[in-house]
Every structure is written in structure tokens, then in C-alpha cells.
Number of protein chains: 6
Amino acid sequence: MTRPDGRTPDQLRPFTFERDFTTMADGSCLVSFGDTRVLCTASVDDDVPRWMRNSGKGWVTAEYSMLPGSSPERIGREAAKGKQSGRTVEIQRLIGRSLRAACDMTLLGERQVVVDCDVLQADGGTRTASICGGFIALHDALSRVVQRGDLARHPLHSFCSAISVGIVGGEPVLDLPYVEDSKAEVDMNVVMLSPVDGGEARFVEVQGTAEGMAFSRGELDSLLALAESGLAEIGAAQRELVATPPAERPA
Amino acid sequence: MTRPDGRTPDQLRPFTFERDFTTMADGSCLVSFGDTRVLCTASVDDDVPRWMRNSGKGWVTAEYSMLPGSSPERIGREAAKGKQSGRTVEIQRLIGRSLRAACDMTLLGERQVVVDCDVLQADGGTRTASICGGFIALHDALSRVVQRGDLARHPLHSFCSAISVGIVGGEPVLDLPYVEDSKAEVDMNVVMLSPVDGGEARFVEVQGTAEGMAFSRGELDSLLALAESGLAEIGAAQRELVATPPAERPA
Amino acid sequence: MTRPDGRTPDQLRPFTFERDFTTMADGSCLVSFGDTRVLCTASVDDDVPRWMRNSGKGWVTAEYSMLPGSSPERIGREAAKGKQSGRTVEIQRLIGRSLRAACDMTLLGERQVVVDCDVLQADGGTRTASICGGFIALHDALSRVVQRGDLARHPLHSFCSAISVGIVGGEPVLDLPYVEDSKAEVDMNVVMLSPVDGGEARFVEVQGTAEGMAFSRGELDSLLALAESGLAEIGAAQRELVATPPAERPA
Amino acid sequence: MTRPDGRTPDQLRPFTFERDFTTMADGSCLVSFGDTRVLCTASVDDDVPRWMRNSGKGWVTAEYSMLPGSSPERIGREAAKGKQSGRTVEIQRLIGRSLRAACDMTLLGERQVVVDCDVLQADGGTRTASICGGFIALHDALSRVVQRGDLARHPLHSFCSAISVGIVGGEPVLDLPYVEDSKAEVDMNVVMLSPVDGGEARFVEVQGTAEGMAFSRGELDSLLALAESGLAEIGAAQRELVATPPAERPA
Amino acid sequence: MTRPDGRTPDQLRPFTFERDFTTMADGSCLVSFGDTRVLCTASVDDDVPRWMRNSGKGWVTAEYSMLPGSSPERIGREAAKGKQSGRTVEIQRLIGRSLRAACDMTLLGERQVVVDCDVLQADGGTRTASICGGFIALHDALSRVVQRGDLARHPLHSFCSAISVGIVGGEPVLDLPYVEDSKAEVDMNVVMLSPVDGGEARFVEVQGTAEGMAFSRGELDSLLALAESGLAEIGAAQRELVATPPAERPA
Amino acid sequence: MTRPDGRTPDQLRPFTFERDFTTMADGSCLVSFGDTRVLCTASVDDDVPRWMRNSGKGWVTAEYSMLPGSSPERIGREAAKGKQSGRTVEIQRLIGRSLRAACDMTLLGERQVVVDCDVLQADGGTRTASICGGFIALHDALSRVVQRGDLARHPLHSFCSAISVGIVGGEPVLDLPYVEDSKAEVDMNVVMLSPVDGGEARFVEVQGTAEGMAFSRGELDSLLALAESGLAEIGAAQRELVATPPAERPA
């Protein structure tokens, strides 16, 4: 089988992280996986939601949106409709849970970080790209809080990366673009944490859905193996990127 | 380790299906897993959503809600708030996808079935109970369509059941009540299909989330094994139940 | 004239109160009048709405909803539509006013009780059944507050019951099922209080509406007489029921 | 007992109907009862709601609103809040039902009339004033449809009027201003129809609510008698007014 | 060219201010320009929005609405639709900004005034009439605060008036009724302040929009000149009116 | 006076148009004026809103949004709040009107183009940048419709550009960044059309608002002159850019 873009089944699309694509928020990263491009920003607020006050702990949350022009068929603007779709809600909850899992909330202290993931161009895998890029924006934003002396230690204990896998035409494949995703029999998103100080990568989210054909335990195992290999590559790139601290900014 | 209710780690709570608990909708089932009780009804509409007209195919969808008094702490009514929570949306999408996976939409023809799952009492596992009981309501509703001669063949090709598994205090356990769920390190919901005409059960949904501690591949394997064993038991009970057709009703 | 179910014009449908049908809320009652079945729960909150704080008084309010599958034709879920219908709003205001009229708010103290009435099966008279069953749930909930020592005296000074009457085919009848209600010329709901310590029953709500034919003063008198006789029977059943206190629960 | 404004218990406030106060809608009436002033307009649409098409029948509906500045304490604008209050919904349903009861829908044909009642100044009894003034606006609007030859016969078969009665300080009184209404023990709104061609006036709506003290059958009878006498006077004024047809307008 | 109502291009429609048309709000004015009639009320609240507390300053804001029956074609009620239209939002923001520009917020102190402009009858120029009439309502309301001794000095430093100008059939005209407005090539609203203590009138808002044909700098100059002349006339009328203080009221 | 960024009062910020920044929509342009960056996309739909069907004419509309991370202080997401702010509504109406004024709707035929303007980074002048960049996206999208043979002639008859001017510290200045805008006494947005086939540039929108000090006719004239000079420069850049057609795309 040849994939539409000529990749092998276990090959990622070319991916990049463009740091500080915008400079108003504390952290910003334009992430791309193939033609999928997501602008992630992380805004730090020195306050937490009411229900967390006086807990001594912080909070990380995420919001997700597709720009109307990000798709060949225009997507209606959710602000104009007056509500977020079920898909949007599901995705932003997934991003938020994933990033929270990488963060030591006690080290963060009573601060909230909102990670906004706005899809500029959509070609499959927008939620996993959002997690990968949102992690960089979050990491840089917290690095700047450390740089300006407001945090003693960086609160992220792990790298967090995500990728999609699926079964297309009977074959398990890694990192599906839209053309594959739309005809996949099984679609799975996998999120893993890789500890900053080394150690084994572990799962935080496994979400597999049969779209047209239920899957066996053997197929599930193949998908998980593909995901683990792709995530090792992405996690290594994140680790290399943040080894260089972000440009300092005046407080 | 002893579980709070004395079960072994691989033991289900007592579960029952009370068919035709109400008699207005085409199918109705009051399902209980321990203290969790969900009233599921299936309403058949001889029309489909606009975007499916003239496709020759049908549709199955689900809605989920918790009654305000279903929990020790009253839950605000979503109709009064004017919107469904993200959790509700996520759950009803899961139920809908799961039940659709069991149904041959071409056999169903241009009909829509809405499966309503209203939680009367909540003690953990409400979404998986909804899938199990919703399946019975859906099956009975479609049996009645067959009985009154409007369908030649029953459109459900598989039994559909679901259960939660999780890691609590480091140990994988099956079918978590609230007291375990609220402190679980990992929480996973698994949905499987078992073909009506026999054959291997397969996965349609696997949704695992680390709540406090990421999980290894080995732990994931243990959880999947627990789920498979519990789902075999539930699927057998469903199979036995629907072997007796529901009471006929005048058209 | 014969009524569709063979009753005489002044005869109630068989009615039952099933106490503690669910056990999460402080009080719970599954009430049925014929095929109409409503699950009523009463949840006590040791706080009052903001505008009542420091008044020394409590508050009783009600919410009403029909489950989508409670009717032969599925009823759209109000939480999905994002708003409650005018009918729902009208009904829950009626239930709330009626139950408040039975309660001494100073004895209740700064507590709020929400009585939720969720219609599991609808066959006419759901609002009056909600009042009758909601009263039992409320009474039991407050009895438990007394049992655990948080209230010195039970704050309900009266029994509260309600029934529908109407003119069907020119004849005044009591307790209309859907088949009568849908063709009634006049439809009236009557709510009365019967003091706990004896004494004359009195009206708290009289809501009569001509659906197709205005009514004379004489017809109005006949309807009120029918209602008074039916309410005497229901009130007696409530009085007998709560003579046995509800099962105690640990605080 | 003296009433605050010196009236006897069975005396109406001075009331007036100012026809064609505005001239854009087909019918318009500024009604006042004491300081309560409501601008009622009736707009005829040569179409009916979708569910009535091809029924050969028409529809009359009403909407009600209080202008924010109509009360000493400013009332928040419902359009700004994004929803109508329960009180508003209840009131406009009452107005609509009352006016519909006066109209022969088959004579009206497939037309819809919307009667808008906007309270310019509120001093108690706004819903009953709306019915009285809305009737005039509706009558004039339909007279103009007759005048321009689009209807053979006027479709209103009865005059429709409404008034409030209540028990204040133990005494039954007619037509309560705000100062009485706010301390009434019982509050009742009564709507009656008086046939255009003579004949006995009859009830279409009786809505009585005990605000602080339940009421006996005898008290109810007194209230109904007060209402009947007041409504006779209002109905006579309406009859006299519409005896003069409204000014003709070009089509 | 003759205008439809026979006016010269630089002539205003007859305009009037009817003070205290209603008496519940602190200030009230029924303003008319030709057939356009707007009821403006000003309600003073001895509190300010949260974000202004402890600023020592006050706030003036406006709300605008068209009554459904104010137009020959009924206008759907925004409260029923659940949201205000973009046009409404634009207009009420314009009114609010204009009136605020006339007020010394420090003299006003921590008070909020809401000016409600409800259009009873619409024939073009409703937003500019609202500003003119809203100014009178606001002025009278604040005069009464001064009268009852709660303000040492009247906080309005300028008269505020507004008018529309436009190009119709190639010719610049002043104060357009609907029949002109609907076919105008250019539509412009101009708001000016005229200091209470004399001095030159100046602009606060200039909003010009080409509807069908862009306009040259020369045309813009003609329109501004027309507006300035009309506003001088309106401002003089306002000045004369408020020279007589409003009737005093008990606190 | 020196401006914060060293410009002269009549000098624009550096501005660029990055064509086809994204490639899913028919036209796309990332426009920047200094640090303000807006992603504009134009999506062509071969259908028009219902009220325009069978008119033979097309429609151009715009939507505007600020990304939450576009500002140093995070901006709440309107989709999450469930409504668009008044400011958003005002801005997108302005953009839509401006772009429509440049388009021959009969040449466009029964097509709708939606121009989405999403602010990636905000530093003043986002609405005027949206118009300038939205014009390029719209122009390219329609060029592609011409290229694929679906339109005989390009429907834009004029270039459309916009800029802000204002009075800061008493001095009229062109193209205000946030730091100037936030303290400006007068803020004005001017939109002009420059015909494709040459000829005089003319105004389509003039929106001037005094923020703290009303302005004289002389000041208004100075602002308009500044705007005219800036718009000449921007219009020339647009003209040069679109002289090169956009890259062709397969249908």
C-alpha cells in the first residue's frame, strides 16, 4: 500500500514548531504537521478560578477553535452561532487534561494558564498538533515566569506529546492527514508524557474509536506500537527545542 | 486489598435490566449496576435528519442527562442553565457512536431512533450503564418495528455493551462505583460489540485517561483484559434477555 | 356518559406514592395517577438564594421536566434546545408556589429545598401529580432534617394536594387522563391545603381555562365541588402515609 | 376600610381606551386603568405559523413586555438578558389564550394576528389591562381587514375583558393598584367573554393564587362576584367604543 | 426637487419634546420628529457597575429598542429571539457615547443613569431622535437629583443633539423620513455638543455611510453644513425647554 | 511632538500583505500594520442567503474576531461566552459594508463571499487592517473564480482601503497604534474606494468619535486630509499587488 503522500505507514509528516510566532501572550507557538497549522498561545493569569482559591495550587486549561477559513468548506463561526460544538468541547477538554498531566500544580502555585489553540489550517490531526504545540507555548510561558523571578522552579515535570494513529484500508498507519482520516476504519489519539528528568514515557490518554469496523485486540496493539514510536520522535524534538530558553522579556 | 463493597477486582456489581419500565416509547429499559440506575428509552421516528434524506439509510443517536436529584449533592438542571455541560456532550456522543456501531443503517432504512438515557440515581459508571441499557431499549424498539411489519429484518447485527475499568490504589479493578472512581489514578471506559450470529467480540471504543499518574503499556494491558472479561458476562446477559421478544403492541 | 376508562365522573384514577424510590436526595417519591408517573425528589441545601440571606427565612422552589421518552411522540429535550418552554416555566412556578404555601418559612430557617419533578410517563395531570408527590418528597426530606436534629419542628403546617377537573362533552369530570384532557372544553387545576392539625381545607390555586367554550358560573361551581371531593381523598392518603416517618439515614 | 385611593371595594379605577395612539400597526390602543398604561398594537400577517398551513384557520397570539422605565425601580430589559422571564411568558400566554377565545378562527381564515402589549407605566393590573386594550387593537385591526374587503365578516364573536380582584386586609376588593397588590393575601385574575350578539357573559380564565393565606370557598365566591360586576362595566365600554368603526386607511 | 413632505432640503420636520410623559422613572420625554416617536426614560441608580466602584465617577448608558408594532411590517421582539440585533447594539452604543460626552462624570459621582429609548413609532431618524429626547430625560432626571439635594451641581456641561443628513437623488437633505432614508445614496448621523455656558458647538460623532455611491469631499462638506444648521435649531429648543425646571417630586 | 515609535504625524506604520498565507480558502491574506496582524480569508459559496435567492445578485459579508492570545491581557473567547460583543458586531458590520461597496453585485451573480478577519496580534487599527487585508483576500478569491471560468468579469470595481486617524495630545495623527489609540481625544476610521479603472477616490465610511473632547470643524478637516493621504498610499500598494494574479488552483 502506498499512502497518498508517499509516506511509509510508520512515518510522521514533516513537523515544525515556530516559537514566538506572536508576541503578546507569554508563550506562543505555531505548530505544523504537514498542512495542519495551529497557533497556540499560553496566557498566564496570577489568579485561579474561584473554586481553587486558597488551595495553594494552580490550574491549566485549554480552548480550541477552528478558524472559519481553515478548511476548504468554510466552517461556521461558533461565536456567531452562540455555542461551541460538541466536537470542540471534547477536543479542548482533551487538550486541557493532557497538559495538566504534565504540570506540578503545587509548583505552579495559585496561577492559571490558558492555552488557546486556534487552527489556522486543518488537514487532520488538529487536536494532537494542538497538544504538541500547546505544550511548547505553555513551557515557554512558564519559563518566562521563572525568568522574571516569580517562580523558583519550572512546574512542568514531563514533556507532553500526542499523535493520531488509525486503520486505513485494513492497515495501521501513523499521523493521518484528512484524506486518510476521512476513510479510516479506526481512529485513535494517543497522548504520552515523557519525564523531563528521563525515565519511561507513559500514557495519559488513549482514545480509540471504530468508525466502520470494530477492532481486535491485536489491531489495538499494533496501533499503540505505532503511536509509541511516533511520540518518541516528537518528544525528542520538543526536548531539543526547549533546551534553548525563550527570549527574555521585560516584566 | 478489599474493595469498599467487598467485590474482587474482576467482579461486576449486580446488574439488572428491567424491560418496559415505561410504556410510551417504543423501547424502554431501567438498567441498574449496583446503585446506578438509568432509565433508557428508544423512540423511533419515521424520518431522518435533513442531511440524511434520500440516502436510503437510517440514524441512531443518543441523549444523556442526570436528574437533579440523582446525586447526594443536587445537580443543576441543564435546561435551566440553558446549555449542556461538556461532560454531557462527551457522554452522549460516546453512547450514540457505540450504538450506531451495532446497527446496519441500510437495513434500518430512513428512520431515526433517539435513545434517551436519564440517570435516576448515580453511583459511578452511568455512561457505560447507559450503553448497556440503551442497547436493550433500542433492540426492543426495533423488534417492535419488525413485529408490526415495517422492517423485514432486525437491523442490529451485534450486541453492544460497555464497562468501566480503572487503577485504584495501584490495582486494576472492574466496574468502579463512585467511591472508587473519585480516587482512581486511571479511568477507562471500554465498549465492545459481540456479533448476533456469534464470532469474536471486538472493540468499538477505548477511552482511557490518567487522572493522577500516567500508565504503562503493561497496566493498559491489564485493564483491557479486565474489561474484556466483564463485557463477556454482560453481553451474555443481553443475549439471553432479548432471546424473549418484547410484548407486542398495537400499531 | 361512560368515561374511556370506565370511571364515574367523580372518581379518581388509582393513585400511589412510592417513597424513597431513589435514595440520593433527602426525600424521593415516585407518584402515579393511572399511567402518569412522576419522580419527585427534594434536595435540602443549607443555604438560601442571595436575596434571602440574613432574612432568617427559608425557601422552597420546584423544577419540572418531562423526560423525552415519557410520551408516545418523543418530546425534544429542553437542555438540548437551550431553553425551557413557556409551559414548563408555568408549571414549575405553580408547583413552587403551591408547596411554599404549605411551609412555615421561619420554622424552615435559612435553608432552601428544591423539589424536582421529572415526568417518567405522561398521561394527563402531570402538574397536579407533581404537587401531590412533590409534597411527599418535601415532607420526608424535612422529616430527615428533623431526625438528624437540625430542625426543632417540622416546618410544613399543611398537607398540599392538587387535582385536575374539566368539562368533557358537556359533563364535569374529575382527574382527566390525556384522552379526555385533549378534548376538554374546560380544563381546571385546583390546589388545596389541609392543615396538619386539622381544620378546613382551603384553596391556594385555582386555574381554570376554557379551551373551546366559555363556562358559566354554575359550571365553575360544579368543577370546584368535584375538585374538593377528590382532594379530600388524596389529602387523606398523604396524611396516612406520612404518619409513618421515613427511614432514618446517617447524617 | 378605606382604600388608598378612596375607592369603594367594588369600584374600578378610571379607565380609558385611546384608539390609534400609533398608526403603523393595523390596530393600536393606549389603554389606561389609573396609572397603569399599556400600548397595545395588533399586526395582521397574511400567513400563519407553519403548523397551521392548509388548515383553513387563523391564529391570534400575544406578546407582553414592560418597558424598563415603566416602574420606579428600573426593570432589566429582557432583550439584553437574552431571555424572557417566567412571569412574562405566563402573562403573554394568558393574553393570547383569552383573545383567541373571542375569535372565530375559521372566519379569520389563514391569517395571523400578533397583539403586542408594551407596558409604558405599571401600577398593578398590567395583564388585565393588556387584555382589555389588546381586544380593542385586535378588533380595530380586523375591522380594517373587513373595510378593505379582505374579510367578509368580522371574526370576533365576543367582547373580551379582564380584571383583577383580591383579598387585602381580609376584604375582597376590585381592580388592585400596586400598593394593594403587593400586600394582598389572595390575587385573582378573571377573564370573561360577552357575546357580540348579546347573551350571558361567561368565564374563559380564572386564575387565583393565595399569596399568604389560603382562601375558603366563600371568599372565592365573593371575589368572583366582584369580578363579574367590574367586567360588566368594562365590557359595556368596549361595546360602546367599537360601535364607531375605526378610521379607514388606504390598503 | 421637491421632498415628499414638501420641505426644503435644509428644513427639519416639526419636532416636539413631551416632558414627563410617564412618571415612574426620574426623567421621561416623549420626543417626536414628524411621525417618529420615541419614549425616553432616565433611571438613576445610586450604584455603578462593579468595574467603576471606588473611582469616584459615575456612568451614563443607554438602551434602545423598537416596539414590534412601531413599523408597518411588525418587527420581531428581540426578547423573544433571545438576542439583540447588530443594528440595536450599534445604535445603543452610539446613544450612550453621545450622552456620556455631555456629562461631567466626576460631578455625577458614583451613580449610574440608564437612558432607555423605546421607539413607539418609526419613520426614520429614530437614533437621532433618541439622542435628542434622551438628553431631555437625562437632564430632568439629574435636575431632580439636584432638587432633592443629592447633587450640588448639575453634571451636564453641554446640550447634546443629533440629526441625520443624507444624499437623496444626488441632493444633500436634512432630517430624512423613512421614504427618503430607504433610497438615500449616503446616510450620515451627526451628533454635536453645545456648552451650557455658551461657546461653540462641536462634534462628538460623525457617522457617514455610502449606501450605493461613494461620496466626495465636497459632498461631505455639504452634509456637515446641513447638519450644523439643523442641530443649532434643535439645541436652541432644548436650551429653552430645560430653562424651566421639571416638576419637583417627593424623594 | 514625537510619536512613541518615532513616526511623523502623517506617516503610516510599515505595512505588508502576505498573500495565500493559508491555502484552504479561495483567498487568504495575512496583513500587518506595525505589530497588528490579521489573517483574512475569503470563502466563496455558490449560494446566497435565502432572502436573496432569485435576485440575480450576490452578497459579500464579513466576520471579525480577536484570538484570545492576540492581546497582552487575554481576551475571553466569544464562542465560550456564547455571544459576540457589541464591539465585534459593530466592526464586522463596518468591514462587510465597506467591502460590499467595492463590488458589483450583479456581476458577482448569485454567490456569497464570506470574508473572515481573525486578529492574530492586536496593536491598534485592527478594523482598518481587516478591511485592507480582507480586500486582498476577496480580490484573490474572485480572481480564482474568474480563472476557473465561473465568472466572465471580475466583480470588484474599486480598491477598498481603510485607516484610522485621531487627535492625540491635541495633534492630528495618522494610523494610531494601541499606545496612542488608548489616550486619543478623537478617534476616526475612514474607508475609501479607488476605482479600478482610475478616477477620484471617494469616501464610503467616515466614523469619528470624540473620546474626551468634542472636535471642531477645522479639526475634522485636518483628520480627513491625513486619512486621504494615507489611503492613497495603501491603495497604491493594493493596486500593485493584485496586478500580479494569484497562483491558479485546480477547480
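**Entry 1: rings**

I began with the aromatic side chains and found that ring pairs link Phe15(A), Phe17(A) and Phe33(A) into a cluster. Rings of Phe, Tyr and Trp (its six-membered ring) pair if their centres lie within 6.5 Å, and planes under 30 degrees apart count as stacked, over 60 as edge-to-face and the rest as tilted.

Before going on, I noted the ground rules. This is a predicted model, where local features need pLDDT of at least 70 and side-chain atom pairs count only at pLDDT 80 or more, while totals for chains, interfaces and linings use all residues. Residues are numbered from 1 along each chain as its sequence is written, chains are lettered from A and ligands numbered from 1 in the order in which they are written, and side-chain values use heavy atoms, with hydrogens and water left out.

Are Phe21(B) and Phe21(C) buried or exposed? Both are buried; that word means under 20% relative accessible area, with exposed over 50% and partly exposed in between (1.4 Å probe, protein chains only).

I then looked at Trp51(D) and Trp59(D), an edge-to-face pair at 5.2 Å centre to centre and 80° between the planes. Trp51(D) is exposed, with a relative accessible area of 62%, and Trp59(D) counts as partly exposed because its relative accessibility is 22%.

**Entry 2: strand 1 of chain C**

In a regular strand the side chains alternate between the two faces of the sheet. Strand 1 of chain C pairs with strand 2 of chain C in the antiparallel sense over 5 bridges; two strands pair if DSSP finds at least two bridges between them. Which residue of strand 2 of chain C is the bridge partner of Arg19(C)? I found Cys29(C) there.

Next I traced an open sheet of 8 strands, with antiparallel pairing and the order 7(C)-6(C)-8(C)-9(C)-9(D)-8(D)-6(D)-7(D). Its edge strands are strand 7 (171-174) of chain C and strand 7 (171-174) of chain D, each pairing on one side only. From one strand to the next, the twist averages 20°.

Within this sheet, strand 6 (residues 158-168) and strand 8 (residues 186-195) of chain C pair in the antiparallel sense over 10 bridges. Ile167(C) stands opposite Val186(C) in strand 8 of chain C.

Ala210(C) is in strand 9 of chain C and counts as buried because its relative accessibility is 11%. Ala210(C) and Asp187(C) are 23 residues apart in sequence but 6.4 Å apart in space, C-alpha to C-alpha. Leaving aside neighbours within four places in sequence, Ala210(C) is in contact (heavy atoms within 4.5 Å) with residues including Val186(C), Phe203(D) and Val204(D).

**Entry 3: helix 4 of chain B**

I checked helix 4 (residues 126-147) of chain B, whose 22 residues reach 31 Å from first C-alpha to last, close to the 32 Å expected at 1.5 Å a residue; the expected span is 1.5 Å times one less than the number of residues. Of the 22 residues in helix 4 of chain B, 20 are buried. Just after this helix, Gly149(B) takes a positive phi of about 85°.

**Entry 4: chains that stay apart**

Chain A and chain C do not touch, and their nearest C-alpha atoms are 10 Å apart. No contact joins chain B and chain D, whose closest C-alpha atoms lie 10 Å apart.

Notes
Helices (H or I, at least four residues) and strands (E, at least two) are DSSP runs, numbered from the N terminus. Axes are lines fitted to C-alpha atoms, for helices over the stretch in contact, and angles run from 0 to 180 degrees between N-to-C directions.
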